[in-house]
Amino acid sequence: MSGVSIRGVTKAFGQTRVLHGVSLDVGPREFLTLLGPSGCGKSTLLRIIAGLEQADEGSIALGGQRVDSLLPRQRDVAMVFQSYALYPYMTVAENIGLPLLMRRTRPWQRLPLIRRLHPQSRAASGSIESDVRRAAAALQIESYLDRKPAQLSGGQRQRVALARAMVRDPRVFLMDEPLSNLDAKLRVAARAEIADLHRRAGVAFIYVTHDQAEAMTMSDRVALMMGGEILQIAPPGQIYEDPADLRVAEFIGSPKINTLAGVVRTDGGIDVPGGVLSGTPGLSQGDAVSVAFRPEHLQVEPDNGASGVLRGIVRHLENLGSDFYLYIEPSGGGERLIARTTPDIGQSVALGAPLVLRPAPGRVLLFDRVGRRIRSRP
Amino acid sequence: MTATTALPVAIERPSRSTQARAEAFAAYVLSAPAIVCLFGILLLPTLATFVLSFTDWQFGAPTLRWIGLDNYAHLANDRVFWKSLSNTVLYVLVVVPASVLLGLGAALLIEAGTSGRAFYRAAFFLPVTATLIAMATVWEIMLHPSVGLINVLIEALGFSKQNWLKDPDLALFALAGIGVWQALGLNMVLLLAGLKSIPRDLYEAAAIDGADGPWTRFLTVTLPMLGPALSFVLIISAIRSFQVFDTVAVLTEGGPNKATEVLLYTMYQEGFGFFRAGYGAAITVVFLLFVLVLTLVKARLAEKRVHYS
């Protein structure tokens with residue numbers, strides 16, 4: 001049975017259409033990331049799943065049950081907000097315990113005196129307390145239970161938000177950019193923690209982010225959204241190696257994938273500014289195509305007059321320690337190309353040096369006029 | 001600055017302290033007008049009032065005599081003063097809860113509404129912008145025993161007419177009603193600002209956590225988040241209603257039979273009606289003590305809420 005099933009969801013705010021018929025299935029134990037630039041509709045989709053927004057059309061099912069008419073509380077989802085949305089006037093323990101308090105007690109049982117005197121209410125408070133301790137222990141925030149959120153660091157607040165989400169064992173976790181308010185170092189550590197939390201919770205996670213590193217490192221599958229549509233859903237490796245759309249190829253990967261505008265020749269090769277690249281069978285002559293290859297698939301060597309396919313001049317060098325980036329101005333004009341090499345090779349290259357450029361055979365991706373991938377047919 | 005930091009410490013020190021002294025001098029010169037105004041307009045008159053309250057000075061008299069605590073001893077036995085004090089406290093106890101609760105209700109309704117927000121906001125705020133003296137005259141006509149709109153309405157509903165401003169049992173409450181009418185708008189605007197500053201995220205988190213009924217949501221999110229604004233509004237309303245004067249002076253002059261005698265009106269009568277300035281000063285000191293206590297409560301509350309941000 002599917003964890004989350006989204007069918008043909010559309011949403012418009014006034015004249016602005018934010019979602020154009022999104023369909024998506026998330027497995028019951030899957031970690032799925034909605035990845036895309038800001039304004040692509042990913043947060044809106046998440047909020048529709050949570051029940052905080054109503055879809056104009058389409059339906060949402062959780063665990064096989066349609067939830068379109070249910071309130072957020074009735075959907076049994078937990079959500080972690082970008083701002084964490086902790087209640088500032090409650091202690092950490094009260095924050096984590098609130099979802100349990102609301103579910104296990106009646107309004108009159110929450111009155112201060114009754115909570116202490118009425119045996120059943122006291123039992124409820126006891127069970128809440130032990131569950132709060134358990135969730136806090138899982139996230140190592142037991143020692144802060146009596147503090148207020150303002151007395152915690154960003155990383156600690158984020159853990160409190162996670163604890164509040166996991167304390168009542170929801171059937172789906174929804175996370176809206178939960179790491180974007182943390183500093184870079186903490187974010188890397190928190191990635192591993194969230195992935196670990198997912199393994200232990202054993203339920204579906206839907207995670208919204210604009211950060212491809214988060215998407216690539218944590219997800220079982222990534223759904224790449226742009227302009228209110230899902231362009232591709234695939235495991236991280238596949239979405240990087242085998243993008244279905246030029247926009248996917250350009251969004252995923254840092255530095256950005258290299259692209260050249262080309263035209264198919266009579267002999268099946270492709271004319272690009274400053275050279276000719278080999279094409280794939282099945283292209284028709286005169287077609288405009290985009291030729292794309294990752295920086296690590298651009299091989300460079302000193303220009304010794306040999307007949308290379310492409311030539312260029314080195315304009316900028318970046319040494320990252322583990323990698324070395326060469327920014328090359330192609331002799332035929334167009335955008336700068338980037339080559340990723342090892343520091344050993346990179347340091348031997350001088351600024352302004354002419355180079356011969358060879359996209360690695362079999363690593364060149366072709367896209368048609370509207371950006372759809374042209375796959376080589378065997 | 002950058003040049004001096006490079007110099008050796010021995011040379012840097014004297015030059016630095018001269019510079020610091022010059023800066024301090026400039027700071028005092030520049031803030032002198034503000035300091036003079038602060039003392040001249042705010043602190044000295046307060047101190048003068050305090051000193052006068054220990055004298056028998058008559059307004060306009062060339063001499064005065066130090067009489068120690070005589071004015072205060074007299075106050076303790078003055079039936080008019082006690083009546084005035086208890087009337088003022090009663091007035092505050094009616095106006096503050098009513099104007100704060102109604103202001104909160106109006107703010108919640110306006111915030112929850114989808115249309116006409118600006119209209120309602122402006123409408124409720126109108127009494128705040130109006131001159132109370134002028135409006136008091138309008139109220140006098142509204143409350144007129146025979147032709148007043150209020151009695152006409154009351155009669156239409158089947159109740160008997162009341163002589164609002166001449167009935168000792170009703171006069172203070174009639175004034176309190178006007179006080180609520182006047183204070184409600186400001187309270188509403190302040191609370192509306194407080195409501196707007198509550199992050200929407202919190203309501204959404206509450207909806208997912210299950211605190212989504214109107215009453216639960218109000219108790220879980222709105223009220224605690226409104227705490228700082230609410231305590232501010234409470235204290236401000238209390239101080240402002242302690243200062244009630246205009247309506248008393250225009251409509252009832254403390255009557256009938258001292259039923260609407262309030263602190264500031266008594267002080268005004270003593271000081272400027274009977275020219276007993278020393279005695280009036282003593283009443284002012286009592287009044288200032290009440291305001292001081294309220295201000296201290298407010299400061300304490302503000303301190304307590306520090307962890308909110």
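The centres of domain 1 and domain 2 of chain B lie 42 Å apart, taken over C-alpha atoms. Domain 1 covers residues 2-52 of chain B, and domain 2 covers residues 79-308. This is a predicted model. Chain B has helices but zero strands.

**Overall form of chain B**

- Chain B has 309 residues and a radius of gyration of 26 Å.
- A compact globule of 309 residues would come in near 19 Å.
- Along the principal axes, the C-alpha atoms of chain B fill a box of roughly 95 × 75 × 30 Å.
- Of the residues in chain B, 31% count as buried.

- Reading along the sequence gives the pattern α-α-α-α-α-α-α-α-α-α-α-α-α.
- Take the contacts in chain B with a separation of 6 or more: residues 24 or more positions apart account for 69% of them.

**The largest nonpolar core**

- The largest nonpolar core holds 164 residues.
- Helix α8 of chain B, residues 171-196, gives the largest share of this core, with 13 residues.
- The residues with the most contacts inside the core are A:I49, A:L174, A:I206 and A:L224.

**A look at A:L174**

- Leave out residues up to four places away in sequence, and A:L174 touches A:L46, A:I49, A:A50, A:V77, A:A78, A:M79 and A:I206.
- Among these partners are A:I49 and A:I206, which are also listed with A:L174 for the most contacts inside the core.

Conventions
Residues numbered from 1 in each chain as written. Chains lettered and ligands numbered in written order. Predicted model: local features only at pLDDT ≥ 70, side-chain atom pairs only at ≥ 80, totals over all residues. Core = buried A, V, L, I, M, F, W, Y, C linked by C-beta atoms within 7 Å. Buried ≥ 20, exposed ≤ 12 C-beta atoms within 10 Å, placed from the backbone. Helix = DSSP H or I, 4+ residues; strand = E, 2+ residues; numbered from the N terminus. Contact = placed C-beta atoms within 7 Å. Domains from an automatic or database assignment. Rg over C-alpha atoms; globule rule 2.2 N^0.38 Å.
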